[in-house]
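Here is a short briefing for a reader meeting this structure for the first time. Look over the sequence and the model, then work through the points below.

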Amino acid sequence: KVNIFYTAPTAIRAIAKEGDELVNKRDLSSLRLLGTVGEPINPEAWLWYHRVVGHGNCPIVDTWWQTETGGILITPLPGATRTKPGSATRPFFGIQPLLVDGDGNELKGAASGNLCIKHPWPGQMRTVYGDHERFIQTYFSTYKGLYFTGDGCRRDEDGYYWITGRVDDVLNVSGHRMGTAELESALVLHENVAEAAVVGFPHEIKGQGIYAFVTLNTGIEPTDELQKELVQLVRKEIGPIASFDVVQWAPGLPKTRSGKIMR
């Protein structure tokens with residue numbers, strides 16, 4: 001029987017969308033550990049995963065890593081690390097992450113910035129076959145002497161790391177930079193929303209407008225009133241600058257083979 005279940009947040013949200021009964025009618029008593037990987041997981045999906053799939057008994061390891069890193073770099077240790085829903089928690093043994101601003105200056109303490117790794121680690125990628133210069137340019141040219149992951153990240157006052165998504169998934173709305181993952185996480189706070197994808201589009205006044213694709217839970221019909229609720233919810237969670245210009249109802253969102261939403 002299966003005792004470890006490791007999957008992507010998109011898959012978790014897709015199952016949750018169908019309601020608890022789909023899971024509750026299965027025998028999951030053999031499960032002892034749950035994992036999530038591939039993209040930031042919103043706290044609501046994390047809590048559902050813990051409560052319904054793990055019956056409140058299984059630790060969740062929210063792992064951050066990349067194919068290029070050769071293994072997990074930021075993760076809780078199951079049963080040992082105090083977890084926070086949505087956070088990958090702390091670095092694995094020997095890993096030295098740091099956050100830098102756009103100019104490469106290291107950010108100390110609680111901060112938001114670009115996630116880099118300070119020193120080499122076992123298993124890291126060594127080159128791109130047949131094109132070593134591309135390897136250097138992609139990972140080591142943005143911030144001299146550092147491995148740049150390409151991800152944005154927030155570190156809280158406890159030293160926990162919260163991945164906010166790819167830095168190229170950042171919108172510039174009237175001079176304000178917002179990660180699409182942050183906007184999507186605010187949308188799925190609503191009890192009727194299964195998943196969401198946010199993209200930018202050219203806007204004459206704001207530079208970039210905010211376009212949201214929203215998939216509702218099974219059995220929920222889209223209405224103008226629900227759309228207004230979502231707009232107000234995101235304004236409350238993030239601020240007035242995060243007002244959506246377009247909300248499009250989508251029966252499903254396109255995904256990669258590994259389950260990541262294609263924006």
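A residue counts as buried when its relative accessible area is under 20%, and as exposed when that area is over 50%, with partly exposed in between. Thr89 has a relative accessible area of 0%, so Thr89 is buried. The model is predicted.

**Helix 5 and helix 6**

- Helix 5 spans residues 180-187, and helix 6 spans residues 224-237.
- The two helices pack at an angle of about 125 degrees, and their axes are 9 Å apart.
- That angle makes helix 5 oblique to helix 6.
- The crossing of this pair is right-handed.
- On the helix 5 side, the contact uses Leu183, Ala186 and Leu187. They meet Leu230, Leu233, Val234 and Glu237 in helix 6.
- Sorted by class, this contact has six nonpolar residues, one charged residue and no polar ones.

**Nonpolar cores**

- The largest nonpolar core holds 20 residues.
- Leu183, Leu187, Val198, Ile210, Val214, Val234 and Phe244 have the most contacts inside this core.
- At least two residues of the core come from each of strand 11 (170-173), helix 5, strand 13 (193-203), strand 14 (207-216) and helix 6.
- Strand 14 gives the largest share, four residues.
- Phe244 is in contact with Leu187, Val198, Ile210, Ala212 and Val234, leaving aside its neighbours within four places in sequence.
- Another core, of 16 residues, lies apart from the largest one. Trp121, Tyr147, Tyr161 and Ile163 are among its members.

**Thr69, a buried loop residue**

- Thr69 sits in the loop between strand 4 (64-66) and strand 5 (71-74).
- Its relative accessibility is 1%, so Thr69 counts as buried.
- Not counting residues up to four places away in sequence, Thr69 touches Trp121, Gly123, Gln124 and Tyr147.
- Trp121 and Tyr147 also belong to the core of 16 residues.

**Positive phi in loops**

- Most residues other than glycine have a negative phi.
- Thr89 has a positive phi, near 70 degrees, and is not a glycine.
- Thr89 lies in the loop between strand 5 and strand 6 (97-100).
- Ser174 is not a glycine either, yet its phi is positive, about 50 degrees.
- The loop between strand 11 and strand 12 (176-179) holds Ser174.
- Is Ser174 buried or partly exposed? Its relative accessibility is 38%, so Ser174 counts as partly exposed.

Methods:
Residues numbered from 1 in each chain as written. Predicted model: local features only at pLDDT ≥ 70, side-chain atom pairs only at ≥ 80, totals over all residues. Heavy atoms only, no water. Axes fitted to C-alpha atoms, helices over the stretch in contact; angles between N-to-C directions. Parallel < 35°, antiparallel > 145°, perpendicular 65-115°, else oblique. Left-handed = near helix turned anticlockwise from the far one by under 90°. Contact = heavy atoms within 4.5 Å. Nonpolar A, V, L, I, M, F, W, Y, C, P; charged D, E, K, R; others polar. Core = buried A, V, L, I, M, F, W, Y, C linked by side-chain atoms within 4.5 Å. Buried < 20%, exposed > 50% of the residue type's maximum accessible area, 1.4 Å probe, protein only.
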